[in-house]
Amino acid sequence: MKKFYFLMALVLLYIGGAKAQSFNSDLNDLGQYVQRMYLNEPFEGARVVENVDNCYLITVVAEKPGNNEYATNRKAEVKGLSYVNKYLNGEMSMQNTVLYTREDSRGYSYEEIEDFIESRSMGYVQSMQVLSTFTDASGKKVFVYCKQLPMPEKPKGKKGRRRK
C-alpha cells in the first residue's frame, strides 16, 4: 500500500512539473512581433500593443552588455519600469543652464557651461514580465518587458432612424 501511495505521489509530481513548463503562445507570438518591429526600426520606450483579444503594455530597453550580467539585467529592468511610469503617469522636467566665464593671466577667456536637468514622475509600477531578450546588430542586448492591460471598451454607435 505504501508503494501505491508513493507511486501516485510521483505521478502527481510529474504531471505538475509538466504543466509548470508550459508557455503562453500568445506571449511568444507577441515577443516575436516586437522583435521584428525592433529589428525593422530600433526604438526604446513604452508602447501599447493591441490585438483582437488582448491589450499589452510593452517596454523595450537596449543595454550594452557589461561584465556583470546581473547588473545589466537589473539596470534594464529599472529603465523599463521608468519608461512605463513616464508613459502612464507623465513627467515634469526642468532644465537650468549656468554659463561661467573665466579669464586667465594671459587675457584669454574660457566659458564653462553646466546643464542641470531634473525630471520627476509620480506613481509606481511594481513589475513587468520579461517577454524576450535578444541581441541587435550593434551588439546591444535588447530586453522586452510586458504587462497585460484590460481591453478598452469600444464605443457603441447610435442606433435609430436617420433624420432628414
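So, how many residues does helix α2 have, and what does it reach from its first C-alpha to its last? Helix α2, residues 25-40, has 16 residues and reaches 23 Å, close to the 22 Å expected at 1.5 Å a residue, where the expected span is 1.5 Å times one less than the number of residues.

Quick caveats, folks. This is a predicted model, where local features need pLDDT of at least 70, side-chain atom pairs count only at pLDDT 80 or more, and totals for chains, interfaces and linings use all residues. Numbering runs from 1 along each chain as its sequence is written, and side-chain values use heavy atoms, with hydrogens and water left out.

Okay, the chain itself. We've got 3 helices and 6 strands, taken as DSSP runs numbered from the N terminus (helices are H or I, at least four residues; strands are E, at least two). Along the sequence that reads α-α-β-β-α-β-β-β-β. Of the 164 residues, 22% count as buried, meaning under 20% relative accessible area with a 1.4 Å probe and protein chains only, while exposed is over 50% and partly exposed sits in between.

Back to α2. Its buried residues are L27, L30, G31, V34 and Y38. Seen down the helix axis, those fall within an arc of 100°, so they line one face of α2; the arc is taken from the directions from the axis to the C-beta atoms. On the face turned away from that buried side, you'll find exposed R36 and N40.

And what covers the buried residues? The cover includes β1 (45-50), β2 (55-63), β5 (129-135) and β6 (141-149), with contact meaning heavy atoms within 4.5 Å.
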